[in-house]
Structures are given as structure tokens and as C-alpha cells.
Amino acid sequence: MHVQSSVVAMTQMLQASVYDSTRKQLLRGREDMLALVAAQLQSREQVSGGPIRKPIWYDIGGGTGYNIEVMDKLVGVEEAFAHVVLVDFSPSLCNIAQERVRKFGWTNVTVVCQDARLLRCEPQSVDLITMSYSLSMIPDFYSVVDLLTGLLAPSGIIGICDFYVQSIVDISSRNYIGGTFNRHVNWLGRMFWRTWFDADRVNLDAGRRDYIEYRFGTILSASERNYLLGGIPYYLYIGCRRDADSLSGSGREVVERLDAALTESPYLSAREYRNQQSTEVVPRSKSYECAIVNLSANLPLPSAFYQQHPWRIYYNDLLHKHQQFGNEYIYAFNWEDPKVDRQLLNITKDDVILTITSAGDNILDYLLEGPKRVHAVDLNPNQNHLLELKVAAFTALPYADIWQMFGEGRHNDFRSLLIHKLSPHMSSQAFQYWLNCTNAFTAAGGLYETGGSRHAIKLVRWLFKLFGSSTSVRTLCKVETMNEQREIWPHLRDTLLSWPLHKAIVSTEWWSWKAAGVPPAQRRLIVDDYAARIGKPTNEKIGGEAVWQYVVDTLDPVAEHTQLSRDNYFYYLCLQGKFSRKCHPRYLGVKAHAKLSKPKAFDGLRIHTDEIMEVIARITPSTLTIAVLMDSMDWFDPEATAAQEQIFALNKVLKAGGRVLFRSAALRPWYTDIFERNGFEAKCVGRRDPGKCIDR
Ligand SMILES: C[S@@+](CC[C@H](N)C(=O)[O-])C[C@H]1O[C@@H](n2cnc3c(N)ncnc32)[C@H](O)[C@@H]1O
């Protein structure tokens, strides 16, 4: 008897390993989904500030128990869970699972051989529910999903990984699905994969994923392709109850609280709000308006409301104004020197700052001064994804990883860090984006050779290579004295400022915009100033010459007055493709890490994906103290009314004594007069005359 049962056991383990190895390639993403839920549970425990009760985990359609083995490797099943229940209606697979339980000696795992539709257990008692590739195999999925909704504990998590096919039509106008990146499957793919899997009784209809998203609140969602097997579409989903704990109190109250933080208005309870309404109009964020519609229509809230952190604010990623950027940010690093901003602005803990995100570097710099609030605004969602990544990294990673990611711009384990450590601190949209862009950190060029601005950096490096100046560049980045630097500079200058190359490349409008991020309106300002300087009328013929002179006037003083090897991290990065331990932005220092990795370091940060004007129109009047516009106003058309409207709105939203800091490519930009006509006193705090540099 004993011999017989060991033979049966061995056969089953063999079956299990054969089953698991054949499924490994097909059922992709299971390990990722399990790592994501484990990261969520761990991070929730940290946020709650102490041990919460050990979770109860139900793996529905758990098959051979492969998921439990994976989870065991991740967190230790016995240590991490009070009880694990595998539910599957196939007796043969349950036997294999049972054998696996015996083999690993897990005493807290129960295998229940049962149809999931008939599962009964105490309502709201399960902390973690997972389904890997089982939802697509259950014909009566509505009843199972409804049942699971009732089982999930108030702060519970559900993790799903499965095949799917959907088109853009399935998802358009659904604002609660946490982003649409890579979700559309083309017509051929939809037809092919549905028919293919039908034969195996696996159903890929769009309704399954839809219904999950309708019944739960989306925390993270990502659409992937299994390219090892012809690009089968599959998705990862992490959700919670629609009325999840993070939304303590009624949904409406939570939405009100969040809105207060977005609009700088005080939080008012429902009664206070009603009383106040007669006297004053309280500005409402778009996020609030959208949440109220969802609550009234019995839909889940947008995914931003189910995140652990309120940093990233909901936006509609399907709008053309966001989609126009494709999947690319323009700036992988900030060009504006925050040291100058700091000296001019003298940021204190009472400041409420509105600024453009760009690559987010300067936002981290401002946050080191501990202001009350920073509203980061960018129309390009990808710039905000970059800022979110930085913020998540400071929240979850030690200094060594931060340095590799943003100092060196390379991290071979980036994908693993993203899933295991960063994911609980990111919005669904940012997570989707970075899951798709892991090569930004693993490719040879690294982070700083990504984004639109990489063209400029690559061109500069290529030029130095072509002219055999690479050694001089390396020396320039090493020398410690200004005299040595001044000696080397002329050799490089000849290469960098060689006239034929500039005529061919730098002076074209296309290059200015695509590679250097200089839009046509801004380029015109440069040309106008140059025309005035040489006493000629403005015309496109002098455009190339003007831009060339602009570059000369910028580079010469920088080389003359700032030390590249120690201080000028902007140019150091352009030349080396990375920062050095001696030469880097302040936020990449050890001291900055100590400050920014503290638990509440980013509590004051709000990341808006919208135009500045749209954001300030929804902020309570007289609440901002500082607005840093960078050079964004150079982008406006002087003939249009947009600048006038924005300046008027800025005046309204700023406190008395509030300041606006802008940079411009022009010596005296045309909109300075509009500022003066609208209650501002304009002061030029730095003028970039030939031979002089106003910052690094
Ligand atoms: C493709 S397998 C995936 C197994 C496992 N989750 C994994 O990732 O290896 C799908 C599983 O769902 C189970 N299943 C399908 N319908 C079910 C139902 N109504 N109740 C319980 N289990 C079901 C099947 O028996 C099968 O084990």
C-alpha cells in the first residue's frame, strides 16, 4: 500500500512538472501578477505602520498549485499567510496540488476540489484572491465574479492574469480602467486568438475583463503580449473593493477630501458645503467632477482614487491633447538650473508652488526645501510618468538603486524593481508605461538616451567621434581647474560650433523642435532678438544664423565660467550620458535621499496631467505663493489671447506677494508687458548677454 501510494505520488509529481513546464511558456505573467500582489500586501503593511493580521489567500482555479509554490519563493507561504485555499474543480489537478502541499510541508494550505461557482465562505473574509488563466475558462464568470466581490475583505486585493482580446471601442469612454496603454488588439489578432482559444474552451471575449473592472476598483492594470508564442495578448490586473478601505467613509466624502487637496480649498463636510454654497463658489477639480458622475452612475471611481498615494491625479489618457506625444517624453532631464530658482525664490515650508514637471528633477529639488505643496503640471503624460517613477523610487529604494537608475541611467534589474518594489507606489498609467519601457534602463545608452532630447545628445557625441575629439571630451569632464578647462575648450568648440554642420542640422526648424525641444514660436523669439542685434529685418533667411549665435552665446560663457567636472551637471550629462558622483543634481546626493525617502516626503505633491491654464482655473483664488513657468510662455502665439488669459488667471490664483518665475529665450519677451498690465511688477533677474551666463 505504502509502495503503491509513493508510486502514485511520484507519477503525480511527474505530471505536475510536465504540466507546469508546458504551461510556463503559455501562461505568461503569473509570476509578475503574484509579485505585484505580494508587493501590494507588503507595502500596505508598511503604510499601516505595524503588523496587520496575516492574510487569508484564495487561489481560484488554482490547478496544480504552481502559484502557491511561486508565492512561497516570494514571501514564504507559511510565514506570510494565515491560510491558503486552492479551489479547482478538476480532481486530477487537485491531486497534484495536494501532492505539492505534502512535498513542501505547508501546514496552512487547503486544497478544495470544487466548482468555484458553489464556493461558500464567510463574506468579506478573504484578504487576497488570485485567478491565473482560470477566468477565461469559466463559462458562468458573472456568478463567480459576483461571488468573489462578496468574499473580498474591505482592504483586500484581487490579482488576475489572463488572456484577452479587446479593441479600442471596448474601452473608449471608460474612465476607471487605469489607462489604455497597449490594450487595443488589432482586428486580425482579435479574430485569430479568439478562434484559436475557442478550440480549447478558453473564452477570450471582452466582457470578462470588463466585468472585473466594473465590479472592482482598479489599482494596476497592464496589457502585455507573449511574444514567445506569437504575441498572445494577456493582461495583469490588481484590484480592490470599489468601496475599498483607502476610501474610508462614504465614497462621496473621500472624493471631497481628495478634491480639497487638489484645489487648495479647505475640506468641507457635506453640511458645511451646503451652508457655504450660497455665499461662495468652491472650485472643483476635473477629477472630482468625473468621480461624482461615476458615483451617480454606479461605476467604480477612476483608478487614481484607489492608489495608496494621492500623488497622481486622474486624467483621460485617450484625449488627443495627451495622445499627441505618443509614448515619448521629450526631456529625460531638466535643463533649468534649480540652484538659481532656489536663490531667487527662497522656498519655505509655507509655500504652495505650481510648476511644470518636465523631467521632474527640479520638483525633487524644491521638495528638499519642504514646501507645503507642489503642484506639478505637464500636458505630456509621459513627463509625469517619469516624475512618478522618481518619486516611487525614493519611496521604495535604497540609495544605491536610485544612483544606478538616475545617476548612471542604467539598472539591469529595473523590471524586477518595478514589479517587486515600485509598483505599489505608482499609478496604473505610469506602471503600464514603465513596464513597457524597461529597456530605458537596460539598453546600452541608458535613461539619458531616451526621450526626444536624445537626438541632440547623440548628435553631439557623434560629432565628437567624427572629429576625433572624444579623448578631449573625457579630459574636459575630468580636469579640476577652470584654467585646464579653458585650455581644452577651444578644441571642442571648433567641433561643436562648426558652421557647416549647424547650417545643415541645428538651424532647421525641425531640429530645433524635435531634438532640442524648441518650438517654432520660441525659435521666432531668438530670430527676432538676433535681427534687432544686427539691425536687420526679421526673416527666415537669418534663422539659421540666429540659432547658431544663440548656441555660441550659450556655450562660450558656460565653458568659461562653470566647471564641468564638478558643478555643471547639465553639460556633463550631455557629454558623458550619465552623472558622476562629483557632478550631479542635488536630488541625487546621499543627503537628499535621506530626506526624500522619509515616509511623508511626498505628501505635498500633486501631479496634474493638463495645461497650466486648466489647472489654475480650478485652484482656489489667492492660495499659490509661487508659480515656476519655465519657458512655457514662449510657446504661446503673440497674436492669440492665451497668454493674456493665463496671466490674468495667475494673478487671481496667487496670494498677494506671490511670485511668478519664468525663463525665456527672448531678452525681453513680449508677454512681460501683459504681466505688468495685469497687476504684476516684472523684474529681470538675469539677462543672457553675450559672454555672460545666468545659470549653469
Ligand atoms: C489554465 S488552468 C490554470 C491553472 C492555474 N491557475 C495556473 O495558473 O497554473 C485553469 C484552471 O481553472 C480551473 N477551472 C475552470 N473552471 C472552473 C470552475 N468553475 N471552478 C473551479 N475551477 C475551475 C481548471 O480546472 C483549471 O485548473
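Mentor: Keep in mind that this is a predicted model. Let's begin at the ligand, which is surrounded by 17 residues, the closest being R30, G61, D88, A116 and S132.

Trainee: What classes of residue make up the shell around the ligand?

Mentor: The shell is made of 7 nonpolar, 7 polar and 3 charged residues.

Trainee: S132 was on your list of closest residues. What does the side chain of N67 do with S132?

Mentor: The two side chains make a polar contact at 2.9 Å. N67 sits in helix α3, residues 66-75, and also touches R30, L34, W57 and D59.

Trainee: Is N67 buried or exposed?

Mentor: N67 counts as buried because its relative accessibility is 2%, and the cut-off for buried is under 20%.

Trainee: And how should I read a nonpolar core?

Mentor: The general idea is that in soluble globular proteins, nonpolar side chains tend to be buried together. Here the largest nonpolar core has 152 residues, and M405, F406, L422 and W434 have the most contacts inside it. Apart from that core lies another, of 25 residues, including V615, M633, A649 and F680.

Trainee: Which residues does W434 contact beyond its neighbours within four places in sequence?

Mentor: Among them are Y329, H385, L386, F414 and F441. W434 is also one of the buried residues of α19, a helix spanning 428-436 in which 8 of 9 residues are buried.

Trainee: Where does W670 lie?

Mentor: W670 is in the loop between β12 (654-662) and α32 (672-677). W670 counts as partly exposed because its relative accessible area is 22%. Leaving out residues up to four places away in sequence, W670 touches L525, M633, F636, D637, P638 and A643. A643 is 27 residues away along the chain, with 9.9 Å between the two C-alpha atoms.

Notes: Residues numbered from 1 in each chain as written. Predicted model: local features only at pLDDT ≥ 70, side-chain atom pairs only at ≥ 80, totals over all residues. Heavy atoms only, no water. Near = heavy atom within 4 Å. Nonpolar A, V, L, I, M, F, W, Y, C, P; charged D, E, K, R; others polar. Buried < 20%, exposed > 50% of the residue type's maximum accessible area, 1.4 Å probe, protein only. Helix = DSSP H or I, 4+ residues; strand = E, 2+ residues; numbered from the N terminus. Core = buried A, V, L, I, M, F, W, Y, C linked by side-chain atoms within 4.5 Å. Contact = heavy atoms within 4.5 Å. Polar contact = N/O pair within 3.5 Å; in protein donor to acceptor, adjacent residues only side chain to side chain.
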